[in-house]
Amino acid sequence: MRRTSRSLLSVLLCVLVLAHAAIALAGPKALFDNTKAETAGNADWVIDDNQPVPSPAQGGITWATNENFWTGAASAWGVQLVKRGYTVATLTTAYGITYGNLGNAYDLSKYDVFIVPEPNIRFTAAESLAIFQFVADGGGLIAVSDHSGSDRNNDGYDSPQIFNLLDSQHLWGVHFAVSPEANNNIVQTSTNVNIAQADSIIHGPAGNAAALAYHNGSTMTLYPGINPSVRGNVWMTGLPQTSLTGLMAAQAVYGNGRIFFAGDSSPVDDGTGQPGNTLYTGWAESADSLIFLNATLWATRRAPAGDTTPPTVTVLSPNGGETWDTGSSQAITWSASDDVGVTAVDLDLSLHGANGPWMPIAHALANSGSYGWIAPDSASDSALVRVTAYDAATHATMDASDSVFVLFDPLVAALPGPAGLALDAPFPSPGRGAVTLRYSLPRAGVARLEIVDLAGHVVWRDQGERAAGVHAARWNGTRATGSRAPAGLYFVRLVTPWGSREGRLVLL
């Protein structure tokens, strides 16, 4: 009788083990990349030295298992995902990055999330297309960069450059800072995390993250004008949470898929790996592990039974044709709804029509339908307001004013707008030194010429009473404070009583 009980107990334990393994195999699947020299130099950004399948078998992982179960600086990440029902594997050069290649056992189509920790080799055109299609079709991407100059294999490209080249058109809405851009290599522990409860990366199933620690990392610039879904999760200390620069973590939606971006690999380092590598314990520091686990869970391909319906949104006012005085109190109104619920609303402004640049008015608002706004001190005959609505599944829908409205400066005597208002292309552009800005006015009046960065900040301004005819101004590439403006894309803005004009210039 006692022997029979032991036999039954053994059978029961075997059934439980097999059931656990079956559940893991039936759950979501995460693929960690190791095709881009992720172990070059003193790096070790892998979950295990056994690849593609880590060993010991992941079916033996329990909630008591620690990161030493596998050998790799990212092993804790992999182990924690298995504890949450994932099956994990490593993509090697023997298989390569493909999408839709059924002959590749590790094709992206067979996985729910693709994790790329600090790549050191550029993606080929075919690999880029595969990644974009994978995300557009619903796959998740975790893009982990590092600081500018972190070229582990000395091929001339570091991870910030490689991710920027992967998405050179900012279709995902993110640009990593590279030298000589600001904050391309920072050390900082920031508690400036998104306060919006709808941010499931900061306030997610793995726990509430209170901070993120960078040990030599590159910050990001966001481009909501190109991808309106892009949102910040963590900002550098002291920055407002409307800032489009100085981001330490961010998220975006592209097609049906989701992307999480981080500018430092230190947070995923669990301090273990191959002997001889320089490793630290960042995974357990601050709330780093919570952010990356929440981000992976958020980015993982969602089941079709989930919330697949995006919100609807309509701008009610200003919707075109209005004339509002600069500095006046106005109400921006909209209507937004969702089959589950609208969780947040963003408001943005363009002074130069549909092509922007778009500047934040207020983000992460409740869906009240109205916002009290003080119109900016910038005259424009081409202003638009854009409203973006989000639901809990981070679907995003945006709507802009049907046509332009006017921001009128009552202190400037406005005259009818005859022909003759023009802004020539800056010369030289691209350029390194002084730039000549030529423009013409149809009549005498006050003209304001500005250089504006991608975040909407005025870098330089020249303003005064000007005669009718052609004028020229020179910008020497410095800010109003006298410091050198960083290289990059800038907007040239001419504001007059008869309207505004815009151009673009590239500073090298």
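Student: Which loop does Pro318 lie in?
Tutor: Pro318 is in the loop between strand S14 (312–317) and S15. Strands here are DSSP runs of E with at least two residues, helices are runs of H or I with at least four, and both are numbered from the N terminus. Before we go on: this is a predicted model, where local features need pLDDT of at least 70, side-chain atom pairs count only at pLDDT 80 or more, and totals for chains, interfaces and linings use all residues. Residues are numbered from 1 along each chain as its sequence is written, and side-chain values use heavy atoms, with hydrogens and water left out.

Student: What kind of peptide bond joins Ser317 and Pro318?
Tutor: A cis one, with omega at about 0°. Phe427 and Pro428 are also joined by a cis peptide bond, with omega about -5°. Pro428 sits in the loop between strand S23 (422–423) and strand S24 (435–441).

Student: Backbone phi next. What is the phi of His170?
Tutor: Positive, about 60°, although His170 is not a glycine. Most residues other than glycine have a negative phi, and most peptide bonds are trans. His170 belongs to the loop between H4 and S5.

Student: Is His170 buried or exposed?
Tutor: His170 has a relative accessible area of 16%, so it is buried. The cut-offs: buried is under 20% relative accessible area, exposed is over 50%, partly exposed is in between, with a 1.4 Å probe and protein chains only.

Student: And where is Ala364 found?
Tutor: In strand S18 (residues 358–365). Ala364 has a positive phi of about 60° too, and is not a glycine. Ala364 is partly exposed, at 36% relative accessible area.

Student: Switching to confidence. What is the mean pLDDT of the protein chain?
Tutor: The mean is 86, and 91% of the residues reach 70 or more. pLDDT is the predictor's confidence in each residue, from 0 to 100.

Student: Where is the pLDDT below 50?
Tutor: Over residues 1–25, for one; beyond near neighbours in sequence, that stretch has seven contacts in the model. Residues 413–418 are below 50 as well, with twelve such contacts. A contact means heavy atoms within 4.5 Å. Where pLDDT is low, the predicted coordinates should not be read in detail.

Student: Aromatics, then. How many aromatic pairs does the count come to?
Tutor: 16. Rings of Phe, Tyr and Trp (its six-membered ring) pair if their centres lie within 6.5 Å; planes under 30 degrees apart are stacked, over 60 edge-to-face, and the rest tilted. Trp77 and Phe292 make an edge-to-face pair, 5.5 Å centre to centre with 75° between the planes.

Student: Why does that pair tie together separate parts of the sequence?
Tutor: Because Trp77 lies in helix H2 (residues 75–83) and Phe292 in helix H5 (residues 288–299), parts that are 215 residues apart in sequence. Trp77 is buried at 0% relative accessibility, and Phe292 is buried at 1%.

Student: Which residues form one aromatic cluster?
Tutor: Phe32, Trp77, Phe260, Trp283 and Phe292.

Student: Last topic, Tyr490. Where is it placed?
Tutor: Tyr490 is in strand S28, and counts as buried at 4% relative accessibility.

Student: What is Tyr490 in contact with?
Tutor: Leaving aside neighbours within four places in sequence, Tyr490 contacts Ile451, Val452, Asp453, Val459, Ala485, Gly503, Arg504, Leu505 and Leu507.

Student: How far apart are Tyr490 and Gly503?
Tutor: They are 13 residues apart in sequence, and 8.6 Å apart in space, C-alpha to C-alpha.
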